[in-house]
Amino acid sequence: MLDAFEQKGVYTVHYREVIPEKVSQGWHVPVYEVTLRRNGDGYRFCANRLWSQKDMLLDGTRAATVTPYGFVTLYTYEPVSKEADATFVIERDKHILWTLPGWTPGNMREAGVFEGVEGISFGDYDEDGSTDILILCRYSSLGEGGRPDGLEARLYHCRKDEEPELDIGMSRQLNEKLPMLTLSGAAQYLRTGRIWEKFSSYQEAYRTVLDEAANGNYKGFALLKIEEGRTPELLMMGADEQTGARIVSYHDGVVEEKQISRSFSYLTRLNLVCAKRGKGGVYEENIYMFSGGKLGLAQHGIYGSLDSAVTIIGSDGKPVYSYFWDDAPVNEKGYADAKAFIYDTPRAEQASDIKLKSREKILRGLK
């Protein structure tokens with residue numbers, strides 16, 4: 001049992017499922033919530049539900065239609081220890097279908113500390129009629145033989161009546177052969193075998209990136225001015241939240257790509273982007289900052305039903321939320337003040353106000 005509490009006669013108990021081989025290794029173990037109500041001298045059972053959002057990383061959680069599994073949610077759970085990797089789980093209708101195979105035995109890292117999910121893409125890259133899942137993660141200190149940029153890609157194949165399979169051979173090819181490891185670059189390599197070399201201009205770079213975007217997954221495109229300088233950023237606005245938004249930047253002949261939520265804003269020429277994402281009563285705001293041509297995470301806020309699988313309503317009729325800013329507990333006002341200190345929301349340009357263009361119009365402007 002993890003904890004238990006009572007509110008208005010309802011007793012809530014949180015516990016982890018007993019899976020000996022997972023508890024002793026580096027895998028996330030599912031958490032369940034049992035609710036009971038006092039009934040005379042005893043208790044009446046109310047519910048026993050999987051607490052999917054417990055320990056989840058919103059940046060690595062996507063709902064998608066995956067052939068042959070149907071409509072599912074891919075959850076990413078934070079590592080259970082500094083030595084462990086993240087855990088990736090496919091869930092449907094509050095039931096866990098599969099835990100994706102890890103990169104290393106027992107999901108324990110031999111080298112590299114997990115820092116976060118850079119992006120997730122779904123597609124039939126090997127054209128066998130089933131969905132493949134491409135996950136791009138970032139690690140620190142990958143050690144000898146690892147990429148100096150800390151990026152690591154892994155490719156999973158989903159096939160009927162089979163567990164998802166980690167294609168370790170192709171994943172290693174992506175990590176070893178691609179000097180610019182992005183979702184777009186990896187997808188193009190999987191489909192065509194083409195490797196991006198250094199580009200002579202941002203126009204050439206963005207034209208190449210847009211070649212991979214001709215698959216109908218995008219609502220539209222735009223050139224933005226987020227970072228102070230002459231080179232604009234390429235926005236690729238996904239048609240749905242599983243694709244998200246991708247902000248592509250160019251510097252020194254290479255492209256960088258960051259996948260974020262479609263609900264975002266940015267401060268023109270001030271190098272800052274704020275992306276929002278929410279699921280299951282948990283909400284996250286990530287503030288990214290451009291530095292050296294790369295868009296990296298600067299500060300992070302999370303709030304919502306972090307203590308219960310179901311949102312509790314207070315006596316004032318409002319939801320009872322917990323708030324954290326950069327992993328430090330704060331109250332609602334403290335959260336707002338911390339965000340306002342770094343990000344001037346009233347001055348920000350909203351994603352919903354961006355005038356998107358077709359791929360063809362953007363390409364004509366890049367000639």
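Ala, Val, Leu, Ile, Met, Phe, Trp, Tyr, Cys and Pro count here as nonpolar, Asp, Glu, Lys and Arg as charged, and the others, Gly among them, as polar. On this division, the lining of the largest pocket in the predicted model comprises 14 nonpolar, eight polar and twelve charged residues. The greatest contribution to the lining of the largest pocket comes from E9, with six residues.

Rolling a probe the size of a water molecule over the atoms shows where empty space is left. In the whole structure, the search finds one cavity of 30 Å³ or more. The volume of the largest cavity is about 40 Å³. Its lining is made up of His-28, Pro-30, Val-31, Leu-50, Trp-51, Ser-52, Lys-54, Tyr-77, Glu-91 and Ile-96. By residue class, the lining of the largest cavity divides into six nonpolar, two polar and two charged residues.

Strand E9, which gives the most to the lining of the largest pocket, also belongs to a sheet. Strands of a sheet pair through backbone hydrogen bonds, either parallel or antiparallel. Four strands, in the order E9-E10-E11-E12, form an open sheet with antiparallel pairing. E9 and E12 (165-166) stand at the edges and have a single partner strand each, so one side of each is left without a neighbour in the sheet. Between E10 and E11 (residues 151-157), the antiparallel pairing extends over seven bridges. Ile-133 has Tyr-156 in E11 as its bridge partner.

Aromatic contacts were considered next. A pair of aromatic rings is described by the distance of the centres and the angle of the planes. In total, the structure contains 16 aromatic pairs. One of these pairs is formed by Phe-114 and Tyr-139, whose ring centres are 5.7 Å apart; planes over 60 degrees apart count as edge-to-face, and those of this pair stand at 75 degrees, so the pair is edge-to-face. Phe-114 lies in strand E9 (residues 113-123) and Tyr-139 in strand E10 (residues 132-140), and the pair thus links distant parts of the chain, 25 residues apart. Phe-114 and Tyr-139 are both buried. A second pair, Tyr-303 and Tyr-323, has ring centres 5.5 Å apart and planes at 15 degrees, so this pair is stacked. Because Tyr-303 is in strand E20 (residues 294-304) and Tyr-323 in strand E21 (residues 322-325), the pair ties together parts that are 20 residues apart in sequence. The relative accessibility of Tyr-323 is 13%, so this residue counts as buried. Ring pairs join Tyr-303 and Tyr-323 with Tyr-283, Tyr-321, Trp-325 and Tyr-335 in a cluster.

The ring of Tyr-139 has a further contact: the charged end of Arg-109 sits over it, 4.0 Å from the ring centre.

Along the chain, Glu-21 and Val-72 are 51 residues apart, and their C-alpha atoms are separated by 25 Å.

Terms used:
Residues numbered from 1 in each chain as written. Predicted model: local features only at pLDDT ≥ 70, side-chain atom pairs only at ≥ 80, totals over all residues. Heavy atoms only, no water. Phe/Tyr/Trp six-rings, centres within 6.5 Å; stacked < 30°, edge-to-face > 60°. Helix = DSSP H or I, 4+ residues; strand = E, 2+ residues; numbered from the N terminus. Buried < 20%, exposed > 50% of the residue type's maximum accessible area, 1.4 Å probe, protein only. Lys NZ or Arg CZ within 6 Å of the ring centre and 35° of its normal. Pairing = 2+ DSSP bridges. 1 Å grid on protein atoms, 1.4 Å probe; cavity = no way out; pocket = protein on both sides within 12 Å on 5 of 7 lines; lining within 4 Å. Points joined across faces, edges and corners; volume = space filled by probe spheres on them.
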